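Student: I have a model open and want to learn how to read it. Can we go through it feature by feature?

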Amino acid sequence: MTRLVQISDVHFGAEDPILVAPLSETINALEPDLVIVTGDVTTFGRRREFAAARAFLDTLKAPVVGAPGNHDTPYLDMAARLTSPWKRFERWLSPRLQPRAQAGLARVEMLPTARGAQARVDWSLGRVRKRDAIRAGEALSDHDGLKVLAGHHPLVAPGGLKGRAKTSGGERAARLIAEAGVDLYLSGHLHQVFAERLDRGDGSVCWFVGAGTALSRRTRGEPASFNVIEVGEDPRLVVWSAGEDPAFKPGQAISLEGLGA
Ligand SMILES: [Fe+2]
């Protein structure tokens with residue numbers, strides 16, 4: 001069995017400090033093949049927030065892959081957002097956090113969705129270029145096992161792409177990566193757990209899984225949580241949530257029927 005842990009929207013700078021050590025200890029005890037970070041590791045892209053994020057990632061024993069979210073650019077510095085939006089992200093988190101990896105059955109690539117700026121009022125909503133979606137699918141094409149893509153913004157969301165899930169080019173990208181044979185797309189941004197399936201019509205399926213926020217107090221009504229995806233005979237998503245006490249516990253399992261079949 002391959003076990004992937006997805007953590008998202010950790011938002012160092014607005015983290016709940018009491019949960020930091022329990023999160024790390026719980027993930028290490030699960031012995032995942034890979035930890036996937038789907039963006040928004042900081043709140044305002046500040047150096048001290050990246051330093052805290054790096055210190056946290058250094059406590060994890062598994063390899064870590066990830067991509068930035070809209071909060072990982074210097075939020076209040078428009079010039080930096082336009083010219084070098086991900087400089088701090090790369091400087092602080094590389095090489096601990098890699099842009100691609102292979103572990104167990106899975107190969108994971110990143111799909112860039114976050115922008116330092118966009119030609120629309122709400123630049124935080126993300127955008128996927130057609131060529132990036134095609135390239136990401138191609139990067140996984142020669143892999144025989146589980147093909148996983150991860151990005152910050154959702155391409156599919158419960159109820160459709162609307163509100164905060166309005167990723168520009170998202171629906172087109174979802175179609176393109178499903179056609180390319182991608183098995184699983186992991187996203188964050190919404191601070192909402194979901195699992196939506198897109199049937200390819202040949203009996204196979206591409207799953208789109210969203211994560212809650214793993215440490216942040218910006219929980220939008222849901223408890224802090226992270227996702228565990230188990231790929232094997234009975235593929236499933238198990239959401240581990242923090243309760244009143246500072247401990248993460250597994251909740252109900254959601255079947256990811258057909259994943260990797
Ligand atoms: Fe976000």
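Student: Which residues of α2 are buried?

Tutor: A residue is buried if 20 or more other C-beta atoms lie within 10 Å of its own, exposed if 12 or fewer, and partly exposed in between, with C-beta atoms placed from the backbone. In α2, the buried residues are E49, F50, A52, A53, F56 and L57. This is a predicted model: local features need pLDDT of at least 70, side-chain atom pairs count only at pLDDT 80 or more, and totals for chains, interfaces and linings use all residues. Residues are numbered from 1 along each chain as its sequence is written.

Student: Where do those buried residues fall, seen down the axis of α2?

Tutor: They fall within an arc of 160°, so they line one face of the helix. The arc is that of the directions from the helix axis to the C-beta atoms. On the other side of α2, R47, R48, A55 and D58 are exposed.

Student: What do the buried residues of α2 pack against?

Tutor: Think of contacts: two residues are in contact if their C-beta atoms, placed from the backbone, lie within 7 Å. The buried residues of α2 pack against α1 (17-30), β3 (64-67), α4 (87-93) and β4 (97-98). Helices (H or I, at least four residues) and strands (E, at least two) are DSSP runs, numbered from the N terminus. Take A53: leaving aside neighbours within four places in sequence, A53 is in contact with V10, F12, V41, T42, W92 and L93.

Student: Which residues touch the most other members of the largest nonpolar core?

Tutor: A nonpolar core is a set of buried Ala, Val, Leu, Ile, Met, Phe, Trp, Tyr and Cys residues joined through C-beta atoms within 7 Å. The largest one has 73 residues, and I36, A53, A150, I177, L184 and Y185 touch the most other members.

Student: Now the sheet. In what order do the 6 strands stand?

Tutor: Two strands pair if DSSP finds at least two bridges between them. Here the order is β5-β6-β7-β8-β10-β9, in an open sheet with mixed pairing. β5 (100-103) and β9 (194-199) stand at the edges with a single partner strand each, so one side of each has no neighbour in the sheet. From one strand to the next, the twist averages 20°.

Student: Which helices pack on the sheet?

Tutor: Helix α5 (residues 130-140) packs on the sheet and touches β6 (106-110) and β7 (146-150); its direction makes about 160° with that of β6. Helix α6 (residues 170-179) also packs on the sheet, touching β7, β8, β9 and β10, and its direction makes about 135° with that of β10. For such angles, axes are lines fitted to C-alpha atoms, for helices over the stretch in contact, and angles run from 0 to 180 degrees between N-to-C directions.

Student: In what sense do β8 and β10 pair, parallel or antiparallel?

Tutor: Strand β8 (residues 184-187) and strand β10 (residues 205-210) pair in the parallel sense, over 4 bridges. L184 stands opposite W207 in β10. By contrast, β5 and β6 run antiparallel, joined by 4 bridges.

Student: Is D40 buried or exposed?

Tutor: D40 is buried, with 26 other C-beta atoms within 10 Å. D40 lies in the loop between β2 and α2, and has a positive phi of about 55° although it is not a glycine.
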